[in-house]
Amino acid sequence: MVFEQSVIDEIVAHAREDLPNECCGMVGGTDGVGSSVYRARNAFESPMRFDVHPQDLFRITEQEIPGAGEELVAIYHSHPNSEAYPSQTDINLAENWPDPLWVICSMAEPDAPVVRGYVIRDRAVEEIELVAG
């Protein structure tokens, strides 16, 4: 999956800004290329889990992404203290969103954040290489 470098940079910046809590948001794009970041509030305001705030979910999926002529390419969030791999909670959440890519930014080492992408379907996790384009 190709993500513009600015998208990866923005996800890392959002993760840093929301520490110690998890950040979350969505990535829009066209033709499978992630090109826009849509920040959301974490309704849980928690370092252990996230939920895209309902007002932000509506704004992003019903107004901003379609208004930009884009489609939902990915859902992203951060792991402030653990690796960039889906937790059981993430896998459970993905049942409601099986199509977009799941992007996780690990801030376990703040000076060396790690951003990885996954397809999560039927509780199976498959890593998808994120290529900066």
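## Exercises on a predicted model

Ala74 is in contact (heavy atoms within 4.5 Å) with Phe3, Gly25, Met26, Val27, Pro100, Leu101 and Val103, leaving aside its neighbours within four places in sequence. Residues are numbered from 1 along each chain as its sequence is written, and side-chain values use heavy atoms, with hydrogens and water left out. The model is predicted: local features need pLDDT of at least 70, side-chain atom pairs count only at pLDDT 80 or more, and totals for chains, interfaces and linings use all residues.

**Exercise 1. Find which residues of the largest nonpolar core touch the most other members.**

Step 1. A nonpolar core is a set of buried Ala, Val, Leu, Ile, Met, Phe, Trp, Tyr and Cys residues joined through side-chain atoms within 4.5 Å. Buried means under 20% relative accessible area, exposed over 50%, partly exposed in between (1.4 Å probe, protein chains only).

Step 2. Pick the residues. The largest core has 17, and Phe3, Ile11, Val27, Ala74, Leu101 and Val103 touch the most other members.

Step 3. Helices (H or I, at least four residues) and strands (E, at least two) are DSSP runs, numbered from the N terminus. H1 gives the most, with five residues.

Step 4. Look for another core. A second, separate one has 16 residues, including Phe50, Ile91, Tyr118 and Ile120.

**Exercise 2. Give the strand order of the sheet and name its edges.**

Step 1. Read the order. Eight strands form an open sheet, E7-E6-E5-E4-E2-E3-E1-E8, with mixed pairing. Two strands pair if DSSP finds at least two bridges between them.

Step 2. Go to the edges. Strand E7 (124–128) and strand E8 (131–132) each have a single partner strand, so one side of each is left without a neighbour in the sheet.

Step 3. Check one pair. E4 and E5 are parallel, with six bridges. Ile75 has Trp102 in E5 as its bridge partner.

**Exercise 3. Describe helix H2 and say what covers its buried residues.**

Step 1. Locate the bend. H2 spans residues 54–67. A kink of about 40° is centred on Ile60; the bend is the angle between axes fitted to the seven residues ending there and the seven starting there.

Step 2. List the buried residues: Asp56, Ile60 and Ile65.

Step 3. Find the cover. It includes strand E2 (24–30), strand E3 (33–40) and E4.

Step 4. Look past the end. Gly69 follows H2, and its phi is positive, near 70°.

Definitions and conventions
The expected span of a helix is 1.5 Å times one less than its number of residues.
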